[in-house]
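I opened this notebook page to record what I looked up in the structure shown below. The entries follow the order in which I consulted it.

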Amino acid sequence: MKVTVVGAGAVGASCAEYIAIKDFASEVVILDIKEGYAEGKAMDLMQTASLNGFDTKITGSTSDYSKTAGSDIAVITSGIPRKPGMTREELIGINAGIVKTVAQNLVKESPNVILIVVSNPMDTMTYLAHKVTGLPKNRIIGMGGALDSARFKYRLAEALEAPISDIDGMVIGGHSDTGMVPLASQATRNSVRVSEFISEDRLQQVVEDTKVGGATLTKLLGTSAWYAPGAAVSALVQAIACDQKKMFPCSTMLDGEYGLSDICIGVPVILGKNGIEKIVDVPLSDAEKAKMKESAEGVKKTNGLLDV
Ligand SMILES: NC(=O)c1ccc[n+]([C@@H]2O[C@H](COP(=O)([O-])OP(=O)(O)OC[C@H]3O[C@@H](n4cnc5c(N)ncnc54)[C@H](O)[C@@H]3O)[C@@H](O)[C@H]2O)c1
Ligand SMILES: O=C(O)C[C@H](O)C(=O)O
């Protein structure tokens, strides 16, 4: 199993580290445009191998895509992150050009690759990857919902004063400050609805904190987050590499599902060796349906800024 990670920055390096530590891939190639940067990150990570007990071989490349040839999975993290006060959508001007070139270069060297798009604005970058590569829809996956759901569970565990392992919950919709749709009415603590443990107001606070999870961290860090994003990407990569058939909310091209078409947005999917193996239709309340529709309108507005 060969995995390429494009972008050796905060998220790319974190994701490569988690993949290596889990020890399911034979090879990870990190690629960046900054001279020597990916090679340096790869060497540093390889020097953790004997300490962390993994055999995954990590190599770096400065813009040489021939080193990525034959990748089974490629993760696109290249592009600029937001600064405090910015929205993810404001990154489109720079990141669209980067994601377009990177996706095309990856597919040229690895025609059977499964792409995982991370660069923001992620739903629109996932849509762009479709338009510029023409890969089948099961082989282009946007990572956002897995991260947002992890943040939702963190906030729920905090509110319920419960261990996170007791909590289950999911966030669908667009990966944006206003477009996320945390499915609060369906979240549970060991099969019991969380609304049995906290007030409606507290649950609403959890929802709002979840939606601005990325912005909150960006304000604290001065740039956007990387540990949980890296862990979320590595979970998706592992589900595909190990054919786990796990369910995650991911941004995927919809063709009538959830009443939406010609849009990439977060919905629950089953991930296995073929990438997205199934889109799962979860029954939504009328309020959740309305929020999903509004979220889709926001993503389509951003997609409209693309030159495709
Ligand atoms: N989808 C999500 O949930 C999620 C989570 C976190 C971050 N992000 C996004 O991921 C992206 C990366 O964030 P980061 O914190 O790692 O940023 P970063 O600045 O630390 O790293 C980005 C890297 O991309 C490289 N790069 C730029 N252009 C390139 C190109 N054409 N080819 C190869 N490499 C190139 C840069 O040299 C840099 O090393 C941002 O757009 C950020 O918004 C998305
Ligand atoms: O918040 C960001 O800009 C980065 C990422 O999308 C995140 O949610 O952490």
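**Entry 1. Helix H8**

I began with helix H8 (213–221), in which Gly213, Gly214 and Thr218 are buried. Seen down the helix axis, the buried residues of H8 fall within an arc of 130°, so they line one face of the helix; the arc is that of the directions from the helix axis to the C-beta atoms. I noted the general rule that an α-helix has 3.6 residues a turn, so residues three or four places apart point the same way. On the face turned away from the buried side of H8, I found the exposed residues Lys219 and Leu220. Buried here means under 20% relative accessible area, exposed over 50% and partly exposed in between, with a 1.4 Å probe and protein chains only. The cover over the buried residues of H8 includes H6 and helix H7 (200–211). After H8 comes Gly222, with a positive phi near 85°. Helices (H or I, at least four residues) and strands (E, at least two) are DSSP runs, numbered from the N terminus.

**Entry 2. Basis of the values**

I record that this is a predicted model, in which local features need pLDDT of at least 70 and side-chain atom pairs count only at pLDDT 80 or more, while totals for chains, interfaces and linings use all residues. Residues are numbered from 1 along each chain as its sequence is written, chains are lettered from A and ligands numbered from 1 in the order in which they are written, and side-chain values use heavy atoms, with hydrogens and water left out.

**Entry 3. Domains**

I then looked up the division of the chain, which gives domain 1 (2–143) and domain 2 (145–303); the bounds come from an automatic or database domain assignment. The domain centres, taken over C-alpha atoms, are separated by 22 Å. To the contact (heavy atoms within 4.5 Å), domain 1 gives 37 residues and domain 2 gives 51 residues.

**Entry 4. Largest pocket**

Where does the largest pocket lie? Both domain 1 and domain 2 give residues to its lining, so the largest pocket lies between them. A pocket is an open set of points on a 1 Å grid over the protein atoms alone, where a 1.4 Å probe fits, with protein on both sides within 12 Å along at least five of seven lines; lining residues have an atom within 4 Å of a point. The volume of the largest pocket is about 810 Å³, a volume being the space filled by probe spheres set on the points, which are joined across faces, edges and corners. I found 42 residues lining the largest pocket, with Thr77, Ser78, Gly79, Ile80 and Pro81 nearest its centre. The elements giving two or more residues to this lining include H8 and helix H4 (92–109). H4 supplies the largest share, 6 residues.

**Entry 5. Second largest pocket**

The second largest pocket holds about 410 Å³ of space. Its lining has 22 residues, of which Glu89, Ser176, Thr178, Gly179 and Gly298 lie nearest the centre. Helix H5 (122–133) and helix H10 (286–303) are the elements that give two or more residues to this lining, and H10 has the largest share, 7 residues. Domain 1 and domain 2 both contribute to the lining, so the second largest pocket also lies between them.

**Entry 6. Thr252**

Last, I checked Thr252, found in strand S12 (residues 246–255). Thr252 counts as buried, at 1% relative accessibility. Leaving aside neighbours within four places in sequence, the contacts of Thr252 include Lys137, Ile263 and Ile279.
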